[in-house]
Amino acid sequence: MARPSSDLTEFREDFAKAKHIAIITGAGVSAESGVPTFRGQGGYWRKWQAQDLATPEAFSRDPSLVWEFYHYRREVIRSKMPNPAHLALAECESRLSKQGRSVVIITQNIDELHRRAGSEHLYEIHGSLFKTRCMSCGEVKANHKSPICPALEGKGEPDPSAKDARIPVEHLPRCDRSGCNGLLRPHVVWFGETLDSDILTAVEQELEKCDLCLVVGTSSIVYPAAMFAPQVAGRGVPVAEFNMESTPATMRFKYHFEGPCGVTLPPALERHESEVI
């Protein structure tokens, strides 16, 4: 199997011809904005690893603790800004749409930084930190309140010595739908849960029609997203990986550009000389 190319000029030729570009993004894009990844070494909040708290069982057992963790994450993200990679993707989508070409972003990130950067054609396959779902009526709503409920104000300190808030369940975020008042949970896909089938179907349709695919800032180990780009490559479509290091999928792709996405992505997506608009 041939090693992937890092020839930017050659990639730019494929980019200039592409009509439908699918871009799969992961935690590496957000890490460059200072968003904690909660993967690998140092991925702890207090004494917990994210996968210990990001489960339906953890929420059932201790909804106060889980909401402290997610409140902390929401507040951290509020202080972060989209970086040059987010902005390059949004600018590329806007520019190419005027040429009758399409860019779709399929992200595993739950921080909405792509949305804040201006991306519109976007699938957040793992949900969003800024949406809630009612455990009683099932309503999903955008929620950007800070704090999300009065009882969580000032809570969520990540220090291992911090004491759990032990907030009574009736004071945790509640549904404001008339006559409901059910307990809200973060509208994110937790470990042990399946992705939304409607979103997956839409993503598969986007991947089937794309004629160029970019994999940006993802380790390519979280399924099912890890199989998206290899499937595209399997039908002969050029795939370009932009990441800090090689991944288990790198050898399946046509291109690999190593380094921070905020450095490597903007020159790859800037206006090509063949673009008339």
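This is a predicted model: local features need pLDDT of at least 70, side-chain atom pairs count only at pLDDT 80 or more; totals for chains, interfaces and linings use all residues.

Me: Why does His126 count as buried?

Reply: Its relative accessibility is 15%, and buried means under 20%, so His126 gets that label. For placement, His126 is found in the loop between strand 5 (122-124) and strand 6.

Me: Which UniProt annotation covers His126?

Reply: The unreviewed UniProt entry gives "active site" for His126. That comes from the record, and such annotations may be inferred rather than shown by experiment.

Me: Is Ser102 buried or exposed, and how do you know?

Reply: Buried: Ser102 has a relative accessible area of 18%, and the label needs under 20%. Ser102 lies in strand 4 (residues 102-107) and, not counting residues up to four places away in sequence, touches Lys19, His20 and Ile21. A 2.8 Å polar contact joins the side chains of Ser102 and His20. The C-alpha atoms of Ser102 and Ile21 are 6.2 Å apart, although 81 residues separate them along the chain.

Me: And why is Glu68 called buried?

Reply: Glu68, in helix 5, has a relative accessible area of 1%; the limit is under 20%, so Glu68 is buried. Beyond its neighbours within four places in sequence, Glu68 is in contact with Trp45, Arg46, Leu152, Lys155, Gly156, Asp164 and Ala165.

**The nonpolar core**

Me: Which residues touch the most other members of the largest nonpolar core?

Reply: Trp45, Trp67, Phe69, Tyr70 and Trp190, out of 31 residues in that core. Helix 5 (63-78) is among the elements that supply at least two residues each, and it gives the largest share, eight residues.

Me: Why is this core said to lie between domain 1 and domain 2?

Reply: Because domain 1 (1-35 + 82-125 + 196-276) and domain 2 (36-79 + 127-188) both give residues to it. Another core, of 24 residues, lies apart from this one, and its members include Leu89, Leu212, Phe242 and Cys261.

How values were computed
Residues are numbered from 1 along each chain as its sequence is written. Side-chain values use heavy atoms; hydrogens and water are left out. A nonpolar core is a set of buried Ala, Val, Leu, Ile, Met, Phe, Trp, Tyr and Cys residues joined through side-chain atoms within 4.5 Å. Buried means under 20% relative accessible area, exposed over 50%, partly exposed in between (1.4 Å probe, protein chains only). Helices (H or I, at least four residues) and strands (E, at least two) are DSSP runs, numbered from the N terminus. Domain bounds come from an automatic or database domain assignment. Contact means heavy atoms within 4.5 Å. A polar contact is a pair of N or O atoms within 3.5 Å; within protein, one must be able to donate a hydrogen and the other to accept it, and residues adjacent in sequence count only if both atoms are side-chain atoms.
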